[in-house]
Amino acid sequence: MALQELDFDSCYRAVSARDPRFDGRFYTAVTTTRIYCRPICPARTPASRNVRFYRHAASAEAAGFRPCKRCRPELSPGDPGWDLRGDLVGRALRLIDDGAADEQGVAGLARRLHITERHLHRLFVAELGVGPLAVARTKRLLLAKQLLTETALPVTEVAFAAGFGSVRQFNATMRETYGFTPSELRATAGPRTALLAHASVPAVDEDAARPVDSTASGAVTLRLRLHRREPYDVDGVFAFLASRAIPGLEVADRTSYRRSVQGGTVTLTPRPDHIALDVAVEDTRQLARIVARCRRLLDLDADPEAISDVLGRTSLGPLVAARPGLRVPGTFDGFELAVRAVVGQQISVAGARTLLGRIVARAAAPGGLFPTPAQLLDTDLSGLGMTNRRIDTLKDLAARLADGQLDLDGGQDPAEAVAALLEVRGIGPWTAGYIALRALRDPDAWPTGDLVLVKRMAALGIPNDHIERWRPWRAYAALHLWSSS
């Protein structure tokens with residue numbers, strides 16, 4: 001839905017009803033207060049003449065509105081429309097969430113999408129009314145607002161964790177955009193989650209960039225809330241991840257998921273109305289990427305109503321009724337998921353876990369991390385229980401990611417990525433489909449030839465031609481069938 005496609009009457013009805021189905025899809029700006037809110041804000045519904053609707057928080061902020069302290073727009077689940085779109089704007093927004101604009105600038109973001117910076121700006125203005133730089137700034141501000149409200153992280157550390165280059169820049173941007181400083185927001189935020197541990201942070205001049213080695217003395221541990229769109233099948237998601245947890249990298253069961261990340265660990269724990277994210281890292285500049293990847297891992301931004309509306313009217317109706325909030329678990333890293341898919345070809349889930357644990361141990365990536373493509377290329381994979389052909393496939397795959405031919409973390413068009421995957425020796429339609437389903441977040445991906453799916457469809461008496469009836473949600477259809485066995 002482009003900016004101009006927002007229907008005022010429909011949006012106003014949703015706001016009046018505080019309908020949670022629309023949370024994250026648009027924002028309500030009130031001209032009399034200069035505040036923008038989520039559709040579920042508990043405040044009194046403003047008169048329609050005083051309301052403006054915006055497709056993205058950045059659009060509202062560019063128009064001079066500041067976020068509501070009561071409903072807290074930073075906690076909105078992501079818009080499922082952007083989450084699923086494989087076009088340039090959708091992919092750019094996912095890369096911005098992942099911190100690409102903060103690390104590489106808008107020029108670097110455009111290069112990763114293989115377009116000019118000017119063309120990228122033009123696309124954003126057409127869709128959102130603002131450019132990518134404004135969207136990235138809003139993402140930084142909203143993350144900073146959440147950190148100031150929910151944690152005891154020092155303001156200096158919040159600035160760098162949110163992606164600002166200096167404390168002075170952080171203070172000035174927040175005052176200019178929101179009308180208050182970080183310290184003023186924290187003073188009115190109320191009780192915060194205790195910081196479990198915090199390394200000493202050296203004094204930083206307000207104009208200076210953060211010292212490169214300022215995190216070497218220890219890790220920061222904090223907790224954030226990740227909100228989700230209901231209904232949400234907690235048991236299904238966490239059971240899926242637990243059954244596939246790689247020894248030495250992940251520890252998971254139906255009640256929590258923990259994994260190693262660069263310089264620390266993350267732990268995800270389901271709560272009644274959100275997911276608790278516990279982060280322990282040496283460098284908080286990773287935080288934006290961690291949050292974005294954890295949201296994708298747990299598929300928190302899906303639209304269960306839209307999925308159920310389509311699949312519920314098909315032969316999958318009974319399965320959908322039994323698990324209306326089913327999700328498609330994603331991945332923390334695209335290359336890691338691709339390796340999982342290759343290793344898991346024609347063997348059991350348990351067998352794949354064993355082999356993947358051996359790869360992690362052999363690669364000996366620092367901190368128990370999954371090896372990067374370059375590290376895997378340099379690792380001798382013989383003697384681990386894989387055939388030479390499978391090893392060759394992994395090496396070919398790693399080489400293509402290492403030299404930029406493949407991008408499985410959001411930068412490449414999904415159809416182009418699948419086509420490139422099929423050029424890798426040893427990767428066929430099933431493997432490419434599975435990677436598209438989990439790493440590329442294609443809601444219509446289908447792992448062609450999957451034996452479990454074939455057996456489940458036969459057991460349920462579902463003809464093969466029904467697969468086409470499940471578009472555009474075939475990935476969710478596959479999860480319904482897998483989880484019904």
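## Cavities

By class, eight charged, five nonpolar and four polar residues make up the lining of the second largest cavity. The structure is a predicted model, and the volume of this cavity comes to about 160 Å³. Its lining holds 17 residues, and those closest to the centre are Leu408, Asp409, Gly410, Ala439 and Arg441. Helices H4 and H12 each contribute at least two residues to the lining of the second largest cavity.

A search of the whole structure gives six cavities of 30 Å³ or more. The largest cavity has a volume of about 820 Å³. It is lined by 39 residues, with Ser76, Gly78, Asp97, Lys139 and Arg295 nearest its centre. Two or more lining residues come from each of helix H3 (80-84), helix H4 (88-97), helix H7 (132-150), strand S5 (220-227) and helix H12 (287-298). H7 gives the largest share of this lining, six residues. The lining of the largest cavity divides into 17 nonpolar, 15 charged and seven polar residues.

## Pockets

The volume of the largest pocket is about 990 Å³. Of the 42 residues that line the largest pocket, Gly344, Gln346, Ile347, Trp430 and Asp450 lie nearest the centre. At least two lining residues are supplied by each of H11, helix H15 (334-343), helix H16 (349-363), helix H18 (388-402), H20, H21 and H22. In the lining of the largest pocket, 17 residues are nonpolar, 15 polar and ten charged.

The second largest pocket holds about 670 Å³ of space. Its lining has 32 residues, and Arg293, Asp333, Thr372, Pro373 and Asp409 are nearest its centre. Strand S7 (256-261), H12, H15 and helix H17 (373-377) give two or more residues each to this lining. Classed by residue type, the lining of the second largest pocket has 14 nonpolar, ten polar and eight charged members. Asp409 is named among the residues nearest the centre of this pocket and also among those closest to the centre of the second largest cavity. H12 contributes to the lining of the second largest pocket, to that of the largest cavity and to that of the second largest cavity.

## Helix H22

Helix H22 spans residues 474-483 and is mostly covered, with nine of its ten residues buried. The buried residues are Arg474, Ala475, Tyr476, Ala477, Ala478, Leu479, His480, Leu481 and Trp482.

The cover over these buried residues includes helix H11 (234-243), helix H13 (304-311), helix H14 (317-322), helix H20 (429-438) and helix H21 (451-459). H11, H20 and H21, together with H22, are also among the helices that supply at least two residues each to the lining of the largest pocket.

## Thr314 and the H13-H14 loop

Thr314 sits in the loop that lies between H13 and H14. Both of these helices are among the elements covering the buried residues of H22. Leaving aside residues up to four places away in sequence, Thr314 touches Arg469 and Trp470. With Trp470 there is a polar contact between the two side chains, at 3.3 Å.

## Annotated span 90-188

An unreviewed UniProt entry lists residues 90-188 as "domain: HTH araC/xylS-type". In the model this span is 78% helix and 0% strand, and its end C-alpha atoms are 35 Å apart. Helix H7, which gives six residues to the lining of the largest cavity, covers residues 132-150.

Terms used:
Residues are numbered from 1 along each chain as its sequence is written. This is a predicted model: local features need pLDDT of at least 70, side-chain atom pairs count only at pLDDT 80 or more; totals for chains, interfaces and linings use all residues. Side-chain values use heavy atoms; hydrogens and water are left out. Buried means under 20% relative accessible area, exposed over 50%, partly exposed in between (1.4 Å probe, protein chains only). Helices (H or I, at least four residues) and strands (E, at least two) are DSSP runs, numbered from the N terminus. Contact means heavy atoms within 4.5 Å. On a 1 Å grid over the protein atoms alone, a cavity is a set of points where a 1.4 Å probe fits but cannot get out, and a pocket is an open set with protein on both sides within 12 Å along at least five of seven lines; lining residues have an atom within 4 Å of a point. Grid points are joined across faces, edges and corners, and a volume is the space filled by probe spheres set on the points. Ala, Val, Leu, Ile, Met, Phe, Trp, Tyr, Cys and Pro count as nonpolar, Asp, Glu, Lys and Arg as charged, and the others, Gly among them, as polar. UniProt positions are given in the numbering used here, feature names are shortened, and annotations may be inferred rather than shown by experiment. A polar contact is a pair of N or O atoms within 3.5 Å; within protein, one must be able to donate a hydrogen and the other to accept it, and residues adjacent in sequence count only if both atoms are side-chain atoms.
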